[in-house]
Amino acid sequence: MHDIAFIRANPEAFDDALKRRGAEPAAARIVELDARKRAATTRVQEIQSRRNEASKAIGQAMGQGDKDKAGALKAEVAELKTAMPEWEEAERTASAELEDMLARLPNMPADDVPDGADEEDNVEVHQWGEKRDFDFEPKEHADIGPALGMEFETGAKLSGARFTFLRGDIARLHRALAQFMLDKQTRENGYTECNPPVLVNDEAMYGTDKLPKFAEDSFQTSRNMTFLDFVMQRYGPSKPNQSARSVIIETIEAHDEWVAPPEKRERLWLVPTSEVPLTYSVAGDILPDLAEPIRLTAHTLCFRSEAGSAGRDTRGFIRQHQFEKVELVSICRPEDSEAEHERMTKCAEGILEALELPYRRVLLCTGDMGFGARKTFDLEVWLPGQGAYREISSCSNTGDFQARRMKARYRTEDGKTAFVHTLNGSGLAVGRTLVAVMENYQQADGSVTVPQCLAPYMGGVTRLEPQA
């Protein structure tokens, strides 16, 4: 969410920032809606104030026997009562349109973010690691995976395209990677491990900028609450007795909407990443002390419909509807967020370095950056089977963009409140890391050597062997 006061004071700068993101100018319309909203709010407050004054004066006039004055005041109150709904509706309409417009506008890019249209305009920051010199033609993970227990056909049979079934040692390697990542981020990098829900409500998705913009990219679920569920919820788990049933009948008669249809819908979303629950965990809070950033991590299932990725990475384990990530989230003071962004990115890089996987860091341009980000570093791991670098982590600083949506603030040294800055990143995407290990550690016979740092998690397994 954007700062209305900033837009009012700097309309040209705001439109210039939107232009860098490829969006149309919006400041004039925002300022107009804001003025309409504030005018309507002022008028509603004036009417309420005058109605209260007039109502009080009616009692005084009646007490003094001044019926003419009392009658005039009653007429005024009636007029004010008639006018109020119109101004309240004007306030609601302007407010709703303004909020919807602001919710659909991307974050403003940081000054040092390069301008550009797409990934071709991203800027490489640095590379790390030596690419392995194979004495055979390296294969893609999708070609060596099936013999190792990466079952694409079984996943498709169970759930459709872009689902995969892992079996045996490769499933263990996948789990080992997640455990290794969590241990490194918590024991060495100071993140607090969390185990959040992977089903969240509309407010959590909206507060972390996933709604309304990316509704089609997320999986939505709903639970049908039958009237019996409602009864049990309201009157307890025991079977209702006769007197309770009488109350139920009266309740039904008072609420026709519960009869046809006899259900309530409760909508929840499967999280696209645990960024959503981790970040939203501070929604509505005034944090007492942010001398040190709050650093959270979680390993969870993640779900994406990939609505906008038709035809991309349909082969293999790269772009799945269900996948796992170790997420990194930081909540900090504005003056600390730039340094925290660098620190978070290095924490993600540390996993790749421990696994001895060559990678590069890329600064995303304005056209390739995510909706809520003001600055993003991508880490791209080298995949020898594909002969290309592929994204494995994205670390973003969102500034106060999410904090304004979810009203997350902290107490400053002078006792005032200010919006926090939020950051999120992958530390790392587990499935893509598995792909990178498979391709970089593959052997000529189709086996895959287990990286040395994962030995404590693999129970003595040092190599994934292809099965006949």
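**Close-up views of a predicted model**

**View 1. Helix H14 and its burial.** Helix H14 is mostly covered, with 11 of its 11 residues buried; buried denotes a relative accessible area under 20%, exposed one over 50%, and partly exposed one in between (1.4 Å probe, protein chains only). The model is predicted: local features need pLDDT of at least 70, side-chain atom pairs count only at pLDDT 80 or more, and totals for chains, interfaces and linings use all residues. Residues are numbered from 1 along each chain as its sequence is written, and side-chain values use heavy atoms, with hydrogens and water left out. Helices (H or I, at least four residues) and strands (E, at least two) are DSSP runs, numbered from the N terminus. The buried residues of H14 include Arg 432, Thr 433, Glu 439 and Asn 440. In the chain, 46% of the 468 residues are buried, and the secondary structure comprises 14 helices and 18 strands.

**View 2. The crossing of helices H5 and H14.** The axes of H5 (residues 141–148) and H14 (residues 430–440) come within 10 Å and cross at roughly 95°. H5 is therefore roughly perpendicular to H14. Axes are lines fitted to C-alpha atoms, for helices over the stretch in contact, and angles run from 0 to 180 degrees between N-to-C directions. Angles under 35 degrees count as roughly parallel, over 145 as roughly antiparallel, 65 to 115 as roughly perpendicular, and the rest as oblique. On the H5 side the contact (heavy atoms within 4.5 Å) is made by His 141, Ile 144, Gly 145 and Leu 148, and on the H14 side by Val 435, Met 438 and Glu 439. These residues divide into 4 nonpolar, 2 polar and 1 charged. In this classification Ala, Val, Leu, Ile, Met, Phe, Trp, Tyr, Cys and Pro are nonpolar, Asp, Glu, Lys and Arg are charged, and the others, Gly among them, are polar.

**View 3. Pro 146 in helix H5.** Pro 146 is placed in H5 and is partly exposed, at 44% relative accessible area. Apart from neighbours within four places in sequence, Pro 146 is in contact with His 141 and Phe 152. Pro 146 and Phe 165 are 19 residues apart in sequence, and their C-alpha atoms are 10.0 Å apart in space.

**View 4. The surroundings of His 174.** His 174 belongs to helix H7 (residues 169–188). This histidine counts as buried because its relative accessible area is 8%. With neighbours within four places in sequence set aside, His 174 is in contact with Leu 166, Phe 317, Glu 324, Val 430, Gly 431 and Leu 434.

**View 5. Backbone geometry at selected residues.** Most residues other than glycine have a negative phi, and most peptide bonds are trans. The bond from Leu 211 to Pro 212 is cis, with omega near 0°, and Pro 212 lies in the loop between helix H8 (202–207) and strand S6 (220–226). Asp 209, also found in the loop between H8 and S6, has a positive phi near 65° and is buried at 4% relative accessibility. The peptide bond from Gly 427 to Leu 428 is cis as well, with omega near 20°; Leu 428 is found in strand S16 (residues 421–429).

**View 6. The second largest pocket.** This pocket has a volume of about 390 Å³. Of its 17 lining residues, Met 1, His 2, Ile 4, Arg 404 and Lys 407 are the closest to its centre. On a 1 Å grid over the protein atoms alone, a pocket is an open set of points where a 1.4 Å probe fits, with protein on both sides within 12 Å along at least five of seven lines, and lining residues have an atom within 4 Å of a point. Points are joined across faces, edges and corners, and the volume is the space filled by probe spheres set on them. Helices H3 (27–63), H4 (67–103) and H13 (401–406) each supply at least two lining residues, and H4 gives the most, with 4. The lining has 6 nonpolar, 3 polar and 8 charged residues.

View 7. Lys 407 lies in the loop between H13 and strand S14 (409–411), has a positive phi of about 55° and is exposed at 53% relative accessibility. Ala 283 touches Met 406 and Lys 407, not counting residues up to four places away in sequence. The C-alpha atoms of Ala 283 and Met 406 are separated by 4.9 Å, although the two residues are 123 apart along the chain.
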